[in-house]
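Please read these notes with the model open beside you. They go point by point through a few local features.

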Amino acid sequence: TFNHLTTDDGLSQFSVNSLYIDENGVLWIGTREGLNRYDGEDIQTYKLQKNDPYSLFCNTVLRMAGNRNGKIYLLCTEGVAEFNLATQRFTTLLQGNVHSIYYKEALFIGKQNEIYRYNEQTGNFDLYYQLPGKSLEICCMHLDKGQMWIGTTTDGAYRLQLDKNELTHPILKGNITSIYQDSEGELWIGSWEEGLHHVKTDGTIEIFEYDAKNPYSISSNFVRACCEDNLGNIWIGTFRGLNKFTSHEYHQYFCTNNSSGLPDNQIQDLLCDSKGRLWVSTVNGVCIYTDEDKFQRIPMNAGNKIGLKLLETKDGEILLYTGSDLHKYNPDSNQMDCIIKDIHLKNTFSAQLFVDSNNNLWSAGPLALISYDIKDMTLKKNIPLKGFPTYFYLHSNGDLWLTGNRTIQIFNVYTYK
């Protein structure tokens with residue numbers, strides 16, 4: 001059964017902006033009308049109290065972060081606040097317009113083109129750097145090996161050397177989409193239109209861009225997904241084809257008329273399974289990369305071929321979700337067998353799938369939460385949902401949190417309660 005958390009249960013507002021689980025396993029819910037604390041039984045609401053200097057100074061909570069040591073930091077529409085779990089008191093750290101918040105080793109905030117670090121000893125935000133250009137908007141950060149990478153929506157990425165307090169601008173333009181770190185500690189920074197940037201451990205950067213005259217260049221400047229296989233090859237899924245990076249060159253793979261090419265150029269998902277096989281799902285089917293540097297297309301015996309999500313079970317079985325049907329790879333027939341048709345009868349292209357530690361398959365959609373036994377795919381649970389949840393979070397204790405536009409629902413995948 002589900003616990004449905006609504007305003008009738010004490011939730012301060014229907015619209016949930018952010019969720020945060022602290023080091024004690026308590027869920028914190030940021031809304032437009034205050035902060036909510038839920039311990040699995042009761043909801044406690046924190047709001048602005050005019051005569052209480054230790055109350056929350058602004059009721060609209062946008063984002064949250066924490067130091068995992070008794071402090072929660074709140075980004076509100078009017079500034080930043082700190083909540084002390086021990087004293088149950090709020091402290092207003094900064095009032096004004098703040099665009100972003102990030103915590104790793106310290107609290108960082110972005111205000112327009114400026115980055116600040118919070119000094120717990122003085123209680124002040126010390127200016128770290130003023131990025132050039134007041135119109136900049138910081139969209140992502142990554143802290144690694146004494147360097148902070150700062151991605152923007154228009155001016156590429158900046159690199160801040162923390163020990164020397166030096167700022168460089170190695171990626172001059174573009175909308176940064178992702179920052180991926182491989183097993184060697186090297187970074188792969190993707191963008192919408194400016195290609196892929198490879199940051200080596202010594203700090204040097206290689207820029208890979210599409211070159212129509214070079215068959216060994218990256219196939220598109222719009223990077224969607226990255227994956228590293230067991231041999232250390234980096235696979236890059238783009239808007240136009242799949243790429244394998246090895247020995248300082250790209251091998252491009254496209255859809256072809258013969259059966260040894262990709263089923264389609266639009267890559268949806270990549271999976272390197274426990275056997276070292278690379279699976280590629282596209283909008284027109286799925287395939288496996290072979291030792292002959294070709295692709296083996298896997299036939300599908302039913303349903304549509306839009307491969308949205310690839311999964312591997314605890315026993316090494318490969319599952320493919322197409323948005324309506326669930327397929328399982330049959331190694332004997334070498335095809336994808338449709339094992340569950342219309343997994344959500346009234347839901348197309350919006351369900352989320354995952355496998356729990358007990359090897360049960362869960363499919364969460366806007367109308368129902370469904371569980372299957374992976375061994376024989378028998379239906380175990382079919383639980384109606386309320387509020388059309390769109391965000392799902394699985395806690396390590398088995399609690400599945402589902403948030404929608406009007407409710408928060410909690411279900412434990414192990415106890416079914």
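**Notes on selected features**

1. Start with loops. Asn 165 is found in the loop between strand E16 (157-161) and strand E17 (166-171); strands (E, at least two residues) are DSSP runs, numbered from the N terminus. Asn 165 is not a glycine, yet its phi is positive, about 60°. At 36% relative accessibility, Asn 165 counts as partly exposed; that label lies between buried (under 20% relative accessible area) and exposed (over 50%), with a 1.4 Å probe and protein chains only.

2. A word on the basis. This is a predicted model, in which local features need pLDDT of at least 70 and side-chain atom pairs count only at pLDDT 80 or more, while totals for chains, interfaces and linings use all residues. Residues are numbered from 1 along each chain as its sequence is written, and side-chain values use heavy atoms, with hydrogens and water left out.

3. Glu 105 also has a positive phi, about 75°, although it is not a glycine. Its place is the loop between strand E10 (100-103) and strand E11 (107-111). Glu 105 is exposed, with a relative accessible area of 64%.

4. Now a hairpin. Strands E28 (residues 285-289) and E29 (residues 295-298) run antiparallel and are joined by four bridges; two strands pair if DSSP finds at least two bridges between them. Tyr 289 stands opposite Phe 295 in E29. Five residues lie between the strands, and Asp 293 takes a positive phi near 60° in this hairpin.

5. Which side chain of opposite charge is nearest to Glu 114? It is Lys 111, 5.6 Å away. Lys and Arg count as positive, Asp and Glu as negative; His and the chain ends are not counted. Glu 114 is buried and has no salt bridge, a term for a side-chain nitrogen of Lys or Arg within 4 Å of a carboxyl oxygen of Asp or Glu. Glu 114 sits in strand E12 (residues 114-119).

6. Turn to aromatic rings. The whole structure holds 19 aromatic pairs. Rings of Phe, Tyr and Trp (its six-membered ring) pair if their centres lie within 6.5 Å; planes under 30 degrees apart count as stacked, over 60 as edge-to-face and the rest as tilted. Trp 279 and Tyr 329 form an edge-to-face pair, 5.1 Å centre to centre with 75° between the planes. Trp 279 lies in strand E27 (residues 278-282) and Tyr 329 in strand E32 (residues 326-330), so the pair ties together parts 50 residues apart in sequence. Trp 279 is buried at 0% relative accessible area, and Tyr 329 is buried at 13%.

7. One cluster to find: ring pairs link Trp 28, Tyr 46, Phe 83 and Phe 90.
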